[in-house]
Amino acid sequence: MSDRPLWQPAAERIAAANLTAFARAAGLSTDYAQLHRWSIEAPADFWSRVWDFCGVIGEKGSTVLVDGDKMPGARWFPDARLNYAENLLRRRDETTALVFRGEDKIARRMTHAELYLRVARLAAAMKAEGIVAGDVVAAYMPNMPETLIALLAASSIGAIFTSASPDFGVQGVLDRFGQVDPKLLFVADGYFYNGKEIDTLGKTREIAARLPSLRKVIVSPYVHETGHDLSSIPHALMRGDFVAPHRAVREIEFVRLPFEHPLYILYSSGTTGVPKCIVHCAGGALLQHLKEHRLQSDIRPGDRLFYFTTCGWMMWNWLASALASEATLLLYDGSPFVGRGHVLFDYAQAEGMTHFGTSAKFIDACAKIDLKPRQTHDLSALRTIFSTGSPLAPESFDYVYRDWKRDVQLASISGGTDIVSCFVLGNPWQPVWRGEIQCAGLGMAVDVYDEDGKPAAVHEKGELVCTKPFPSMPVGFWNDADGAKYRAAYFERFPGIWCHGDFAEKTAHGGFIIHGRSDATLNPGGVRIGTAEIYRQVEKLPEVLESIVIGQDWDHDVRVVLFVKLKEGLTLDEELVKRIKEQIRANTTPRHVPAKVLQVADIPRTKSGKIVELAVREVVHGRAVKNIEALANPEALEYFRNRPELSV
């Protein structure tokens, strides 16, 4: 481990940071450990100050926290009244609110004034259709402006918004929306991916026919401006026709509701059964995102924030909220590798991107094809790079600082759909250390517990936990009236403590390393091994594009089995197997070395790009995968089924 950080913020950057102004207002210095300690020891004071510093629009009330010793059970801002959309639409001027690119085919931009008007008219159309606070509005849409407008219109009247990306299959959508009975369904006529035009109206027809709760299906033109025959889709009409009677509307009647009023329904990945419907509240999501954007990410008015995401991943919700920090949203839909992998860097250069968000897998893929954007693009405006979705390997840190930009904050972040935010992430005061997430989020009492439920020592691996309540905890699961499913999901392992399901360790620098999901942890000989520890070593080899590792039940124990996807044209031979095993043994322990190394043509993943160790493990053991519709490429499971090499 190097004794020098990869990046250190300049004194000028620290002085200008939002976090510095916040700390000074609280009477504290620029010592992150001190600030974090205060934020979890005095949560009512901290979150009240976040509300004030970030200028939340609404009535805060006189009480911040009730039953703060209960988890679940704590209540935040019980007297408050606010509206999420009102906070995001605080500007109505002619500056740019959002920019949109649909691969290299479509480019649009929209001012704050135009965005406000479009939301006003759509909200009026929703109300005319009888939509009221508490109704569910769903979107089966690309990451395009019309999806964001639907979210804002729904939340302006207190409706609950839920979304899925258009690459989901019919059953995958029904597994989600079928549980929550939406009254409106927003769709597009198709989308682009890797240069291809993909129709979605056929799937929409099946979905609409099987959602009896729907009053209307509203279709946005995207791949075609005209020529839509909607006669076979129940209750369908074009978006323009839906809002046409309300074109004179110019104001939004924001409905201010309690802090805990539902805003979103998000879904667990659903790879082990029907997805859980996770309900998040408007106040919690807004306040947590404001904290993460303004304080942790140093987003300022006029900054240009990009995150590569679909509407089926919580990072889309996180991105949308940045309007409340007066950032310009840079939306992108399609493949990130259009134009030989340069399309996102072209976007960054053209728009003066200040914050670039993506997945660890994208960074690794760029390294594999030897992209060097530092040499090919002007990234001078870029201050921060975010990475999430899976652990970011130390070698990926090296690659970013070598081939993307030297003076940039690389903030690996980790949290999830469960909290629609982060437990661990970055901050603008501290250095970036190779392979480490910088810190725990302010107001988040994050720790790592050992098997006995005690705080683990530095560099001792264990369960990532949160020991105190925070505002963006779910208000519950849909159709879980007594909260039994909710408590079982997070509080069963350690009563009264949120157990997140990540295998992690604390570092000597006050940071964190995530080693993968706990339920995918390998246990050969009873020793717990995080899957990311193996991936970091295997994917250093130039021949290996990506890999997936599982534990196979074998001879009254568990043996480690590694599957590798190689560069096109390569075949796994004994020499490469030997090098893979040597690489793992030399950099981890003999326990990490797989008993079997096998080649596969593809690796299954969820719609948000996460590989699915549990689904592969089920297939290898001859068990059914409970929710195949959660996968982006379910056909890849066949490469793991009935492998003769795994019977000996």
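This is a predicted model: local features need pLDDT of at least 70, side-chain atom pairs count only at pLDDT 80 or more; totals for chains, interfaces and linings use all residues.

User: How should I read a sheet, and in what order do the seven strands of the open sheet lie?

Analyst: In general, strands of a sheet pair through backbone hydrogen bonds, either parallel or antiparallel. Here the order is S6-S5-S18-S17-S19-S20-S21, and the pairing is mixed. Strand S6 (106–111) and strand S21 (409–412) are the edge strands, each pairing on one side only. On average, neighbouring strands of this sheet are turned by 15° against each other, direction ignored.

User: Do strands S19 and S20 run parallel or antiparallel, and how many bridges join them?

Analyst: Strand S19 (residues 355–359) and strand S20 (residues 384–388) run parallel and are joined by five bridges. One of the residues to look for is His355, whose bridge partner in S20 is Thr384.

User: Which helices lie across these strands?

Analyst: Helix H14 (residues 360–368) lies across S19 and S20 and runs at about 90° to S19. Helix H16 (residues 394–403) lies across S20 and S21, at about 155° to S21.

User: How do I read a helix with buried residues, and which residues of helix H4 are buried?

Analyst: The general idea is that an α-helix has 3.6 residues a turn, so residues three or four places apart point the same way. In helix H4 (residues 43–53), the buried residues are Phe46, Trp47, Ser48, Val50 and Trp51. Among the elements covering them are helix H2 (18–25), helix H3 (32–41), strand S1 (58–59) and helix H11 (282–296). Just after H4, Gly55 takes a positive phi of about 65°.

User: What lines the second largest cavity?

Analyst: The second largest cavity has a volume of about 60 Å³. Among its lining residues are Pro391, Phe397, Ser412, Glu436 and Arg536. Strand S29 (residues 512–517) supplies the largest share of this lining, three residues. The lining of the second largest cavity comprises seven nonpolar, two polar and two charged residues.

Note on methods: Residues are numbered from 1 along each chain as its sequence is written. Side-chain values use heavy atoms; hydrogens and water are left out. Two strands pair if DSSP finds at least two bridges between them. Helices (H or I, at least four residues) and strands (E, at least two) are DSSP runs, numbered from the N terminus. Axes are lines fitted to C-alpha atoms, for helices over the stretch in contact, and angles run from 0 to 180 degrees between N-to-C directions. Contact means heavy atoms within 4.5 Å. On a 1 Å grid over the protein atoms alone, a cavity is a set of points where a 1.4 Å probe fits but cannot get out, and a pocket is an open set with protein on both sides within 12 Å along at least five of seven lines; lining residues have an atom within 4 Å of a point. Grid points are joined across faces, edges and corners, and a volume is the space filled by probe spheres set on the points. Ala, Val, Leu, Ile, Met, Phe, Trp, Tyr, Cys and Pro count as nonpolar, Asp, Glu, Lys and Arg as charged, and the others, Gly among them, as polar. Buried means under 20% relative accessible area, exposed over 50%, partly exposed in between (1.4 Å probe, protein chains only).
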